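Please keep the sequence and the structure in view while reading.

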Amino acid sequence: TPKINITATIAVSCMTTNPKAGGYGVVITDSETGKPIHSLSGGQERTDNARLSILAAIDTLQWFMATYPEDARGAVSFRTNDQVTVKSATHWIKGWKAKDWRRSDNTPVRNRDHWQRLDTLQAACAVNWQLGIGQDHKRLHSEAHKIAAQELVKAQCAFPDDNEVSA
């Protein structure tokens, strides 16, 4: 059985002062053909960019595992312009786990619940993270950002005191 490999392009849109309203968008494509397969989105009233990026990755992996049987699953490649998320998901998470979810300065890891969930899902799938969008994925990132902005508006309606948006 051929394996399904996907690329998930993640974008987030959050208010400038954290924690505030925000949203994320994910455009999922077939890694071999580049053909769009699906999109995901979500938002929260009180959040930050890091939390939204983690949620986008969790939702993507949950969708992938629910959509394809285990023997058909190949790799999930995440593309994002969020350097902190890439470093956290690929390097820092190992140290956090070894130190009982504490950072190098011994303070608790923020968003621990989501990092633990992402770690569990990453262990069940072949996952790689790529920093930067690249010329060939600018259109997909733009589409994901439009979706994220729509989710931000929805979340902002529930939290109307926010009035400054950051990309």
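## Terms and basis of the model

Helices (H or I, at least four residues) and strands (E, at least two) are DSSP runs that are numbered from the N terminus. A residue is called buried under 20% relative accessible area, exposed over 50%, and partly exposed in between, with a 1.4 Å probe and protein chains only.

The model is predicted, and local features need pLDDT of at least 70, while side-chain atom pairs count only at pLDDT 80 or more and totals for chains, interfaces and linings use all residues. Residues are numbered from 1 along each chain as its sequence is written, and side-chain values use heavy atoms, with hydrogens and water left out.

## Helix H2 and its packing

Helix H2 has 16 residues and spans 22 Å from its first C-alpha to its last, close to the 22 Å expected at 1.5 Å a residue; the expected span is 1.5 Å times one less than the number of residues.

The buried residues of H2 include Thr85, Val86, Ser88, Ala89, Ile93 and Trp96. The buried residues of this helix pack against H1, strand S4 (73-80), H3 and strand S5 (126-131). A contact involving one of the residues named above is made by Asp119, which touches Ile93 and also Lys97, not counting residues up to four places away in sequence.

Thr60 has its place in helix H1 and is buried, with a relative accessible area of 0%. Leaving aside residues up to four places away in sequence, Thr60 touches Ile6, Ala8, Val26, Ile28, Leu40, Val76 and Phe78.

Asp119 is found in helix H3 and, at 19% relative accessibility, counts as buried. The C-alpha atom of Asp119 is separated by 9.2 Å from that of Ile58, although the two residues are 61 residues apart along the chain.

## Salt bridges

The structure holds seven salt bridges, a salt bridge being a side-chain nitrogen of Lys or Arg within 4 Å of a carboxyl oxygen of Asp or Glu. One of them joins Asp113 to Arg51, with the closest N and O atoms 3.7 Å apart. Asp113 lies in helix H3 (residues 112-124) and Arg51 in helix H1 (residues 49-67), so this pair ties together parts that are 62 residues apart in sequence. Asp113 is partly exposed, with a relative accessible area of 44%, whereas Arg51 counts as buried at 19% relative accessibility.

Another salt bridge links Asp100 and Arg112, whose closest N and O atoms are 3.9 Å apart. Because Asp100 lies in the loop between helix H2 (83-98) and H3 while Arg112 lies in helix H3, the pair ties together parts that are twelve residues apart in sequence. Asp100 is exposed, with a relative accessible area of 52%, and Arg112 is partly exposed at 35%. The side chains of Lys154 and Glu151 also meet in a salt bridge, at 3.2 Å from N to O, and both residues lie in helix H4 (residues 138-158), three residues apart, which is about one turn of the helix. Lys154 is exposed, with a relative accessible area of 54%, whereas Glu151 counts as buried at 11% relative accessibility.

Strand S2 (residues 20-30) and strand S3 (residues 36-47) pair in the antiparallel sense over nine bridges; two strands pair if DSSP finds at least two bridges between them. Within this pairing, Gly22 stands opposite Gln44 in S3. S2 and S3 form a hairpin with five residues between them, and Gly34 in the turn has a positive phi of about 80°.

## Aromatic pairs

Across the whole structure there are four aromatic pairs. Rings of Phe, Tyr and Trp (its six-membered ring) pair if their centres lie within 6.5 Å, and planes under 30 degrees apart count as stacked, over 60 as edge-to-face and the rest as tilted. Trp63 and Tyr68 form an edge-to-face pair, 5.8 Å centre to centre and with 90° between the planes, and both Trp63 and Tyr68 are buried.

The rings of Phe64 and Tyr68 have their centres 5.5 Å apart and their planes at 55°, so that pair is tilted. Phe64 is buried, as is Tyr68, and Trp63, Phe64 and Tyr68 form one aromatic cluster.

Methods: Contact = heavy atoms within 4.5 Å.
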